[in-house]
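Me: How should I read the features shown here? Please give the general idea, then the case.

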Amino acid sequence: MFTVRSRLVACALVLTLGLPASAAEPSHAADAPARASGLQGHRYAFVAGGLLFLGGAGFGYLAQGESNRARTLSSARESSAAFDRARTHAATANLLYAVAGVTVVYGLVLELLPEPAAEKASLTFHF
């Protein structure tokens, strides 16, 4: 199982991949429209994946705390309810991890595709 430190390192890596590259544009791009600074288009997928990963880590932390709390309770009813809450938090964390993974993979696919194909595969609507 991952430790908290490795989760933070993985999250930082996901967020770092989403930041725009600071490479200079080639000189022949003078007639092309200027791109705005900051995150562009599909790179929001990396940020969303990182945020979903952090949400999953938060729910995982809550599940672990609730599970530890349930072990110390003396009442069977309270212990059972605490374990049920821990299972619910763990299921939510697993779902958030899965959605984060799908989001990051989608961002990577759009990053690696050529520009025209990435525009067609993008989930954005242009008016």
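Me: What separates E66 and R69 in helix 2?
Reply: About one helical turn, because these residues are three apart in helix 2. Helices are DSSP runs (H or I, at least four residues), numbered from the N terminus. This is a predicted model: local features need pLDDT of at least 70, side-chain atom pairs pLDDT 80 or more, while totals for chains, interfaces and linings use all residues. Residues are numbered from 1 along each chain, and side-chain values use heavy atoms, without hydrogens and water.

Me: What links E66 to R69?
Reply: A salt bridge, with the closest N and O atoms 3.2 Å apart. The term means a Lys or Arg side-chain nitrogen within 4 Å of an Asp or Glu carboxyl oxygen. The structure has three.

Me: How are two packed helices described?
Reply: By the angle and the distance between their axes. Here the axes of helix 2 (residues 44–72) and helix 3 come within 7 Å, crossing at roughly 165 degrees. Axes are lines fitted to C-alpha atoms over the stretch in contact, with angles from 0 to 180 degrees between N-to-C directions. The two helices are therefore roughly antiparallel (over 145 degrees).

How values were computed: Parallel < 35°, antiparallel > 145°, perpendicular 65-115°, else oblique.
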